[in-house]
Amino acid sequence: MNAPVRFADPALPRHDWTRDEIEALFDLPFTELVFRAASVHRRWFDPTELQLSQLLSVKTGGCAENCGYCSQSAFFKTGLKAEKLMELDEVLAAAKKAQDGGAQRFCMGAAWRDLKDRDLPRVAEMITGVKALGLETCVTLGMLKAEQAVALKDAGLDYYNHNLDTSPEYYAQVVTTRTYDDRLDTLQHVRDAGISTCCGGIVGMGESRVDRASFLHQLATLPVHPDSLPVNALVPIAGTPLGDKVNRDGEIDPIEFVRTVAVARLVCPKSMVRLSAGRDDMSRETQALCFLAGANSIFIGGKLLTTPLPGQDEDSLLLKDLGMRPMAMGASA
Ligand code: SAM
Ligand code: DTB
Ligand code: SF4
């Protein structure tokens, strides 16, 4: 007797995805892709729940990297004023305000190429203080050494954000002051220290669909899938190479953006897929499609690091109209 044919369960996390398989997902009819992503989403999460994070730029501008999308790079004239590392009490006041506004995770970003040991004690105090308020903690500080990651973990760090940003093939069109492997090394240090990873990228930088598939292939074949997976739509910043290019060539099509979210959900089924930068320019309908396609996390609070987000009233109304609510804290898969 022939053995029954068994199909692999599409909701189970896999690390052996091929690029061809991921490109084939992108090429599915839109309705089929979104249906599959929504089906996988509800196997691991309640699809009516959203995780809510809030950002604060604790050290703004003057960055030594040349990321072609970034308002904070010292290489480009974007009109942004560089500021020093914020004081602890200012950060804690901002975190309290974020918590009162409904944030569950507080993410502190610094425009650094890498963390300098001299700045570690103050950043560690910020993490410990924010954690003591009862918030989840996240920082994004550029490249880390292994021992620095351990020190951040000891301070109470829950998540470290470090994005791969795009495909390895398109990377040199985006940044040349660091390599893809530099990024992978920091992610390894973060995992080794027992910190959860937040790792994603940006779409709409002039990359092709093949690049978007290759970028998601990188995430899907990491030793551990990112715990949080931010999908940013480029916020075009005047004065940056990619902002100027996208202003000329046009932005990513919303349908293609939703496809990217859906494929992210399918290849990293247990990750929190975050609808991140670019939400301010998105219609409510596009955001709703993203949630249907498996996005289950957003940034709130009116501002990302240097660019705007929808305000609290607008987001509360969107959640109410969609019948969605904040996820219970610590519910991450
Ligand atoms: N300097 C640190 C680093 O690069 O890892 C942390 C801060 S950096 C601003 C965090 C992430 O924000 C970047 O990796 C990028 O994915 C995203 N980002 C920055 N500027 C953006 C823009 N204009 N549009 C969309 N995403 C952006
Ligand atoms: C991520 O992927 N997106 C966030 C967070 N991680 C640090 C940052 C978005 C920044 C958007 C541009 C700005 O506000 O400067
Ligand atoms: Fe610096 Fe981060 Fe901006 Fe790149 S994305 S220029 S590393 S702040």
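These exercises work through the cavity, the ligands and the pockets of one predicted model.

The model is predicted, with local features needing pLDDT of at least 70 and side-chain atom pairs counting only at pLDDT 80 or more, while totals for chains, interfaces and linings use all residues. Residues are numbered from 1 along each chain as its sequence is written, chains are lettered from A and ligands numbered from 1 in the order in which they are written, and side-chain values use heavy atoms, with hydrogens and water left out.

**Exercise 1. The largest cavity**

Task: Find the volume of the largest cavity and describe its lining.

Solution: 
- Start with the terms. On a 1 Å grid over the protein atoms alone, a cavity is a set of points where a 1.4 Å probe fits but cannot get out. A pocket is an open set with protein on both sides within 12 Å along at least five of seven lines. Lining residues have an atom within 4 Å of a point.
- Count the cavities. There are 2 cavities of 30 Å³ or more.
- Take the volume. The largest cavity has about 850 Å³. Grid points are joined across faces, edges and corners, and a volume is the space filled by probe spheres set on the points.
- List the lining. It holds 39 residues, and Tyr69, Cys70, Gln72, Asn163 and Leu305 lie nearest the centre.
- Assign the elements. β2 (105–110), β3 (136–140) and β7 (228–233) each supply at least two lining residues. β7 gives the most, with 3 residues. Strands here are DSSP runs (E, at least two residues), as helices are (H or I, at least four), numbered from the N terminus.
- Sort by class. The lining has 22 nonpolar, 12 polar and 5 charged residues. Ala, Val, Leu, Ile, Met, Phe, Trp, Tyr, Cys and Pro count as nonpolar; Asp, Glu, Lys and Arg as charged; the others, Gly among them, as polar.

**Exercise 2. Ligand 1**

Task: Work out which residues surround ligand 1 and how much of its accessible area the protein covers.

Solution: 
- The space taken by ligand 1 is the largest cavity. A molecule sits in a cavity or pocket if more than half of its atoms lie within 2 Å of its grid points.
- Draw the shell (residues with a heavy atom within 4 Å). It has 18 residues, and the closest are Thr140, Asn163, Asp165, Arg183 and Val235.
- Check polar contacts (pairs of N or O atoms within 3.5 Å; within protein, one must be able to donate a hydrogen and the other to accept it, and residues adjacent in sequence count only if both atoms are side-chain atoms). The side chain of Asp165 has an N or O atom 2.7 Å from an oxygen atom of ligand 1. For a polar side-chain atom of Asn163 and a ligand oxygen, the distance is 2.9 Å. A polar backbone atom of Ala110 is 3.3 Å from a nitrogen atom of the ligand.
- Read the cover. On its own, ligand 1 has 550 Å² of accessible area, and the protein covers 90% of it. Accessible areas come from the Shrake-Rupley method with a 1.4 Å probe; for residues, only the protein chains shown count as cover.
- Sort the shell. It has 10 nonpolar, 6 polar and 2 charged residues.

**Exercise 3. Ligands 2 and 3**

Task: Locate ligands 2 and 3 and describe their shells.

Solution: 
- The space it takes is the largest cavity.
- List its shell. Of 13 residues, the closest are Asn163, Asn232, Leu305, Thr306 and Thr307.
- An N or O atom in the side chain of Thr306 is 2.6 Å from a ligand oxygen. For the side chain of Asn163 the distance is 2.8 Å. Leu305 uses a backbone N or O atom, at 3.0 Å.
- Read the cover. The protein covers 86% of the 410 Å² that ligand 2 has on its own.
- Sort the shell. There are 6 nonpolar, 7 polar and no charged residues.
- Turn to ligand 3. It sits in the largest cavity. Around it are Cys63, Glu65, Cys67, Tyr69, Cys70, Ser73, Ala111 and Arg178. By class, that is 5 nonpolar, 1 polar and 2 charged.

**Exercise 4. The largest pocket**

Task: Give the volume of the largest pocket and the source of its lining.

Solution: 
- Take the volume. It is about 560 Å³.
- List the lining. Among 27 residues, Gln54, Leu55, Ile300, Gly301 and Lys303 are closest to the centre.
- Assign the elements. β1 (49–59), α3 (88–100) and α11 (312–322) each supply at least two residues. The largest share, 5 residues, comes from β1.
- Sort by class. The lining has 13 nonpolar, 9 polar and 5 charged residues.
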